[in-house]
Amino acid sequence: FDPELRYVRINKYLADGNNLPIAAHLGRPITDVLPELPGEAVDAIQEVARSGRPLTNLTVTAAGPEDDPTRPVWEVSYYPVRGGDGASLGVGVVAENVTERKRAERAVRDSEARFRTLAEAVPQIVWVTRPDGYHEYYNARWYEFT
């Protein structure tokens with residue numbers, strides 16, 4: 001982005017992630033190209049442009065209902081771009097679509113929550129031990145017994 005947050009350059013991967021051709025981005029402000037972009041993402045880019053300090057590994061989720069698992073999720077880093085004389089040329093972005101990873105992490109959390117609910121509800125002693133002997137989990141019945 002240039003100092004006014006207009007696209008100067010974009011690769012095909014990010015343009016495809018925005019569901020627009022490269023030409024639809026160039027010379028246009030990010031807020032025109034992506035009006036649904038969450039305000040915190042725009043705020044982060046403006047902060048980097050203003051401060052000259054990078055912001056890294058931010059999670060940006062597309063607008064939409066909180067419970068919509070199809071909303072794209074990106075891990076994004078913004079960094080200042082400077083010319084040879086040190087003058088600010090704008091803000092660079094590195095983004096990775098992490099939607100599938102976040103969906104898998106959510107599935108693991110949900111599965112673990114179901115396991116813990118079941119393990120705490122049964123009247124039997126339940127525990128999980130790794131092959132190296134480290135005990136990862138004990139239910140309340142285990143503590144009552146011991």
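Which residues does Tyr78 touch, leaving aside those up to four places away in sequence? In this predicted model, the list runs to Ala41, Ala44, Ile45, Val48, Pro54, Leu55, Leu58, Val60, Val91, Gly92 and Val93.

Tyr78 is also a member of the largest nonpolar core, which has 18 residues. Together with Phe1, Tyr7, Ile30 and Ile45, Tyr78 is among the residues with the most contacts inside this core. Four elements each supply at least two residues of the core: the helices α1 (12-17), α2 (30-33) and α3 (39-51), and the strand β2 (73-82). The largest share comes from α3, with four residues.

Two residues stand out by their backbone angles. Most residues other than glycine have a negative phi. Leu5, in the segment before α1, has a phi near 60°, a positive value in a residue other than glycine. Asn19, in the loop between α1 and α2, likewise has a positive phi near 60° and is not a glycine.

Is each of these residues buried or exposed? Leu5 has a relative accessible area of 8%, which is under 20%, so Leu5 counts as buried. Asn19 has a relative accessible area of 69%, which is over 50%, so Asn19 counts as exposed.

Notes
Residues are numbered from 1 along each chain as its sequence is written. This is a predicted model: local features need pLDDT of at least 70, side-chain atom pairs count only at pLDDT 80 or more; totals for chains, interfaces and linings use all residues. Side-chain values use heavy atoms; hydrogens and water are left out. A nonpolar core is a set of buried Ala, Val, Leu, Ile, Met, Phe, Trp, Tyr and Cys residues joined through side-chain atoms within 4.5 Å. Buried means under 20% relative accessible area, exposed over 50%, partly exposed in between (1.4 Å probe, protein chains only). Contact means heavy atoms within 4.5 Å.
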